[in-house]
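Biologist: I am new to this one, and I would like to know what the words behind it rest on. Could you take me through it slowly?

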Amino acid sequence: MDDDRLTGACRPIRSEERIVRQGSDRNGRTKAVASLFLLCPFLVSCSGIQSALDPAGREAADVATLFFTMLLGGAIIWAGVVGLLFYAARKRRVHSEKNAGRLILWGGAVFPSVVLLALLSYAAWLMPNVRPWFQGADGGMRRIEVTGEQFWWRVRYLDAGGAVAFETANEVRVPVGERVVFSLKSPDVIHSFWIPVLGGKMDMIPGRENRLTLQAEKPGTYRGVCAEFCGTSHALMAFTVHAMQPQDYEAWLLARRASSGVQDAEGLALFLKHGCAACHTVAGTEAQGKIGPDLTAFGERGSAGAGTLANEVEHVARFLRDPGRIKPGAKMPHFTMLPEAETDRIAAYLTGLK
Ligand code: CUA
């Protein structure tokens with residue numbers, strides 16, 4: 001038995017022991033650094049093509065400002081509560097009932113009420129900016145109609161009179177610095193249209209038209225998603241957003257109205273032969289189906305299968321052969337009975353459409 005342990009007497013720290021203690025200090029520091037690194041994944045979601053905290057539009061900037069203000073408000077309340085806890089722990093005993101009553105009144109009622117009222121007023125003041133439609137401010141604004149389908153997005157560009165100028169799918173293009181009104185619809189179930197970098201989300205409800213105005217401020221390519229569970233492939237329902245300089249946007253609109261899918265006659269012939277035209281449109285050809293996504297200029301889209309696959313021949317061919325394997329619940333039938341050479345050829349035709 002160690003005498004020191006029995007007597008509890010003071011003794012100098014032995015060198016091995018010092019090493020152990022230094023080691024445990026270092027362990028503590030390592031753990032602290034490691035926990036900081038573990039926090040990094042959470043910080044990553046603060047930026048990127050789909051982050052509401054990295055706004056590229058006017059409405060999203062207001063939402064982000066509101067979020068950070070709320071965060072500051074929350075931090076102030078948290079600091080107040082923790083401060084009071086420390087105070088209570090140190091004091092142990094409140095000297096008089098009068099003091100206790102005053103503490104509850106100021107710390108428990110007045111302080112939180114003032115902070116919450118300030119946050120609420122600020123949010124109410126920001127709201128008209130985030131939802132300008134309620135002020136009837138959409139007169140003369142550019143309109144894009146988006147319909148949530150199972151599981152993709154039908155996108156129609158409307159002209160000044162409200163008629164459809166042309167249709168496309170799974171991709172939205174907007175000019176920078178201009179407010180655009182989105183008319184949101186759905187034929188069957190509820191979806192929610194959300195471009196986090198541009199603004200808040202809005203539901204697409206069968207039987208009605210919801211409107212959302214958004215204004216992009218920074219040119220770039222972003223990602224939009226469906227934010228309401230709508231079926232088995234809800235998570236496989238995304239779209240690409242291009243915010244373009246106004247002159248590029250106008251040039252694109254002109255080019256898009258003129259685009260034609262007849263350059264590759266052999267690919268088009270196979271596309272028509274196997275009945276793809278019953279559901280799909282390719283402008284300038286016999287293919288005028290309206291059930292599935294419009295495939296005009298398919299090759300310029302950022303993805304295939306509504307944000308599911310890279311827009312490359314091999315992936316598109318895989319999708320054509322068996323859509324349900326890649327996107328469960330998709331309405332498109334499989335084409336596994338076709339020779340692979342033919343599905344490959346159709347995929348090459350589609351990815352070549354500009
Ligand atoms: Cu569409 Cu979720």
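Modeller: Gladly. Two strands pair if DSSP finds at least two bridges between them, and strands (E, at least two residues) and helices (H or I, at least four) are DSSP runs numbered from the N terminus. This is a predicted model, where local features need pLDDT of at least 70, side-chain atom pairs count only at pLDDT 80 or more, and totals for chains, interfaces and linings use all residues. Residues are numbered from 1 along each chain as its sequence is written, and side-chain values use heavy atoms, with hydrogens and water left out.

Biologist: What makes β4 and β10 a pair?

Modeller: Five bridges, in the parallel sense, join β4 and strand β10 (residues 238-244), against the at least two that the definition asks for. One of the bridge partners is V241 in β10, which faces V172.

Biologist: Why is one side of β4 and of β7 left without a neighbour in the sheet?

Modeller: The open sheet has five strands in the order β4-β10-β9-β6-β7, with mixed pairing. β4 (171-175) and β7 (202-204) stand at its edges with a single partner strand each, so one side of each has no neighbour there. From one strand to the next, the twist averages 25 degrees.

Biologist: How do you know that β2 and β3 pair?

Modeller: Strand β2 (residues 152-158) and strand β3 (residues 164-169) share five bridges in the antiparallel sense, and at least two would do. R154 has A169 in β3 as its bridge partner. Their hairpin has five residues between the strands, and G162 takes a positive phi near 95 degrees.

Biologist: Which residues of α7 are called buried?

Modeller: In helix α7 (residues 313-321) they are H315, V316, A317, F319, L320 and R321. Buried means under 20% relative accessible area, with a 1.4 Å probe and protein chains only. Their cover includes α8 (323-326) and α9 (340-351).

Biologist: What gives the most to the lining of the largest pocket?

Modeller: Helix α7 does, with three residues. The pocket's volume is about 650 Å³. Among its 31 lining residues, H280, G292, P293, F319 and M332 are the closest to its centre.

Biologist: Where is confidence lowest, and where is it highest?

Modeller: On the pLDDT scale, the predictor's confidence in each residue from 0 to 100, helix α1 (residues 3-7) is lowest, at a mean of 41, and strand β6 (residues 191-194) is highest, at 97. The protein's mean is 85, and 83% of its residues reach 70 or more.

Key:
Buried < 20%, exposed > 50% of the residue type's maximum accessible area, 1.4 Å probe, protein only. Contact = heavy atoms within 4.5 Å. Axes fitted to C-alpha atoms, helices over the stretch in contact; angles between N-to-C directions. 1 Å grid on protein atoms, 1.4 Å probe; cavity = no way out; pocket = protein on both sides within 12 Å on 5 of 7 lines; lining within 4 Å. Points joined across faces, edges and corners; volume = space filled by probe spheres on them.
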